[in-house]
2 protein chains.
Amino acid sequence: MTVAEKFSNLGIDNAPGQESLQKSTVLEFRGEKIPGAAVDFSHGDVDAHEPIPGSFEVFAKGVEEGGSQAYTPYRGKKSILEHVAAHLSAFTGLQINPDENLILTPGTQGALFLAAGSNILPGDKVAIVEPDYFANRKMVEFFHGVLVPIPMQYENRIGSAGIDLEILEKAFIDGVKLFIFSNPNNPVGCIYSYEEICGIASLAKKYDVTLIVDELYSRQIYPGMTYTHLCAQKEIPDNLVTIMGPSKTESLSGYRLGAAFGNAEIIERMEKLQAIMSLRCSGYNQAVFTTWFNEPEGWMTARTAKHKEIHDAIMEKLAGVPGVYARPAEGGSYLFIRIPELDISLHHFIRIVREMADVTVTPGTEFDPKCIWQFRINFSQDKDKAVAGIERLLQIMERYRKHG
Amino acid sequence: MTVAEKFSNLGIDNAPGQESLQKSTVLEFRGEKIPGAAVDFSHGDVDAHEPIPGSFEVFAKGVEEGGSQAYTPYRGKKSILEHVAAHLSAFTGLQINPDENLILTPGTQGALFLAAGSNILPGDKVAIVEPDYFANRKMVEFFHGVLVPIPMQYENRIGSAGIDLEILEKAFIDGVKLFIFSNPNNPVGCIYSYEEICGIASLAKKYDVTLIVDELYSRQIYPGMTYTHLCAQKEIPDNLVTIMGPSKTESLSGYRLGAAFGNAEIIERMEKLQAIMSLRCSGYNQAVFTTWFNEPEGWMTARTAKHKEIHDAIMEKLAGVPGVYARPAEGGSYLFIRIPELDISLHHFIRIVREMADVTVTPGTEFDPKCIWQFRINFSQDKDKAVAGIERLLQIMERYRKHG
């Protein structure tokens, strides 16, 4: 294998946010463009949902503080680690020692990469859920691991994500070293049940499998749903690391802040990798962590409620359209929308929607190669624009629906 | 090999900036502590030498701009890529296409990691200079490459770095795929001659070796010295990437900004890797690039002159101390200081100096395992404090000098 061959598997043309760089393809346009305000569902709109109040001010203070904020130890500044550890402990129910069990990273992506890179050796079997966050698959490939997909039958299910624990156990018996999954699931927005979480934890413990649990969206849980933090359960494996960060619900993605907490040896390896990857989470930016879990009273509740409203408005538009399905989101800002078979491929359809309706979505194949008629939307948008965007997308879709 | 074994080679206890986390060891103290203002020579002092004027203001504007600045394509925002490409083209003499040949990264460390990670496959032979930047060695180990050290006889030499081009050619003949080096050299502060640069370039071209040239300090060249940009020479290999960034001379390290430019295929692979590593250089922080190469008139000249003064004052303190040697720096803010043999190990001496004189330096073994009586200082400090710190260090040193 050459590096060129290796990287040809790591395509990013269809990755969220990269659409403006796509090379032009011949597309079969039918009918006229449908005018309307552009909607980029590939990521949240931090103008429609602004960062935590005071974020910029604490950043400014960090800059004023100068050298001691610019150059922190690789895992982060002591006082900020203490703030984050205290709040994550209270939030999850796990006791996190800021000196040993926590590292601050350049975004949650950075935390995931460090966790994967400090647990995968070439040839290691790594289990991932299908569908799940697209980078999981790519990280395993980059580190020369061997992918073991675990199916999740999420459609038309309530109260559980739908992971197949029998297949998971079989994979663990077959030598899987590491299992990575997101909860709430990205792209589906479903939550793992208490039974599923305890099942995963005890299987990992039984077969000595390392777990990386991506809880990025775990603060944005919709009313009536129960969220289970794997890390706080009784029977958990030793080798466990949990990932969180204020980049999504809190709209702080422009600062690139992430955190990983768990097993001290894994955190130490992650710090060593961070030392050669980017040294540290940007020094001044680290100051912004002090606003996290420190939002004005009611701010998070209001934000979650607002997202539920947008979610419901979009679900209403999808309801009753033949062949269209999305599982209602239980947490987070994603919907994974299945459409009927079309005359053209999903990827062409997505490009056509972008050209004709100024609406950007992410193809399902990024999350599961079998999801050839699904796409993901991040509905953290201006509500009216989002609903109008979905309407335009559905109109375009009808022009390409396969008949007979 | 287990991941624990793999990471045991990637020690960071002695890495610059990590000293505060060192576990306590029994140290043999001789005499009293020597009081004085703390000096941390492990990195530059951005309070003594402040960031480019206006950096914070352009950051603030980036935050105000909101979503379009927070979420850029992975390789960077178009307008900022254009700014950086234009200035790097003018600076180096290489024509850089902002759409194809440039990527913005989380610090220069991020650029190096991406360049290494997108060029090394397990088992690949990678040549590095000894001594050179410590992360080069660790990155090669992390990516399961095979290290091929190239000696550099830098002592008592003027007008060339002292790399052994015969050994380099032999290494290339023996199958080296990639050669990484820094110019000016970190930790020595010497500059490669025109002949050395052309020699490296033509050998790489002849044997089809990929080059990663770390030019982090290439804007801070002392009067009378000639600096040669490898990328702008006539006979260069196709696979070449050059690294720069405003984190050192420009004191912008708190923002974590780096850039890599060169071969379009390598840049594309680096972008793919960045997509799973940290997505992008922090969005708001990218705005700060607009101050780079855009400093007030005379600012860079004054900054360089000020560093030359500090350099000269320290060299004066070292002059005439038996057994002590440092090659005068030709560029950058580092001195690599050789001391005489002591009664204790270098690592113990360095910890003792930190305890007794509040002076932090970085052991030579980080840069070359054979450098057991050298340490590196970053003299981008307050001049008086730096000189006083070196005086204290030399006083402590005499207490441990080996006699007879």
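Tutor: Start where the chains meet: 69 residues of chain B are in contact with 69 residues of chain A. Keep in mind that this is a predicted model.

Student: How much area is buried between chain B and chain A, and what share of it do carbon and sulfur atoms give?
Tutor: The contact draws on 69 residues of chain B and 69 residues of chain A. Together they bury about 5,500 Å². The share from carbon and sulfur atoms is 68%.

Student: How many salt bridges and how many residue pairs in polar contact cross that interface?
Tutor: Take the salt bridges: the rule finds 0 between chain B and chain A. Polar contacts are another matter. With both residues at pLDDT 80 or more, the number of residue pairs in polar contact is 17.

Student: Which helix of chain B gives the most to the side that touches chain A?
Tutor: Several helices of chain B supply at least two residues each, among them helix 1 (3–8), helix 2 (55–65) and helix 5 (107–117). The top count is 7 residues. That count belongs to helix 9 of chain B.

Student: What classes of residue make up that side of chain B?
Tutor: Sort the residues of chain B that touch chain A. The charged ones number 10 and the polar ones 23. The nonpolar residues number 36.

Student: What rotation superposes chain B on chain A, and what kind of axis relates the copies?
Tutor: Chain B goes onto chain A by a rotation of 180°. The shift along the axis is 0.0 Å, and the RMSD is 0.0 Å. The two copies are thus related as by a two-fold rotation axis.

Student: Why do we say that the copies meet through the same surface?
Tutor: Compare the interface residues of the two chains. Those of chain B are also interface residues in chain A, so the copies meet through the same surface. The share is 100%.

Student: Where are the domains of chain A, and how far apart are their C-alpha centres?
Tutor: Domain 1 of chain A takes in 1–48 + 297–398. Domain 2 of chain A covers 53–289. Their C-alpha centres lie 25 Å apart.

Student: Which three residues supply 22% of the area that domain 1 of chain A buries against domain 2 of chain A?
Tutor: Domain 1 and domain 2 of chain A bury about 3,300 Å² between them, 55% of it on carbon and sulfur atoms. Three residues of domain 1 give more of that domain's buried area than any other three. They are Arg327(A), Glu330(A) and Tyr334(A).

Student: How many salt bridges join the two domains of chain A?
Tutor: Polar contacts link 19 residue pairs between domain 1 and domain 2 of chain A, both residues at pLDDT 80 or more. Salt bridges are counted separately. Between these domains the count is 3.

Student: At what N to O distance do Glu155(A) and Arg338(A) meet?
Tutor: The side chains of Glu155(A) and Arg338(A) form a salt bridge. A salt bridge needs nitrogen and oxygen within 4 Å. Here the distance is 2.7 Å.

Student: How many residues apart in sequence are the parts that Glu65(B) and Lys77(B) tie together?
Tutor: The side chains of Glu65(B) and Lys77(B) meet in a salt bridge, at 2.6 Å from N to O. Glu65(B) is in helix 2 of chain B, and Lys77(B) is in the loop between helix 3 and helix 4 (78–92) of chain B. The pair therefore ties together parts separated in sequence by 12 residues.

Student: Is the peptide bond from Asn183(A) to Pro184(A) cis or trans?
Tutor: Most peptide bonds are trans. Pro184(A) lies in the loop between strand 5 (178–182) and helix 8 (194–207) of chain A. Omega for the bond from Asn183(A) to Pro184(A) is near -5°, and the bond is cis.

Student: What is the phi of Asn156(A)?
Tutor: Most residues other than glycine have a negative phi. Asn156(A) sits in the loop between strand 4 (146–151) and helix 7 (165–173) of chain A. Although Asn156(A) is not a glycine, its phi is positive, at about 50°.

Key
Residues are numbered from 1 along each chain as its sequence is written. Chains are lettered from A and ligands numbered from 1 in the order in which they are written. This is a predicted model: local features need pLDDT of at least 70, side-chain atom pairs count only at pLDDT 80 or more; totals for chains, interfaces and linings use all residues. Side-chain values use heavy atoms; hydrogens and water are left out. Copies are superposed by least squares on the C-alpha atoms of residues with pLDDT of at least 70 in both. Contact means heavy atoms within 4.5 Å. Domain bounds come from an automatic or database domain assignment. Buried area is the accessible area (1.4 Å probe) that two parts lose on being put together, summed over both. A polar contact is a pair of N or O atoms within 3.5 Å; within protein, one must be able to donate a hydrogen and the other to accept it, and residues adjacent in sequence count only if both atoms are side-chain atoms. Helices (H or I, at least four residues) and strands (E, at least two) are DSSP runs, numbered from the N terminus. Ala, Val, Leu, Ile, Met, Phe, Trp, Tyr, Cys and Pro count as nonpolar, Asp, Glu, Lys and Arg as charged, and the others, Gly among them, as polar.
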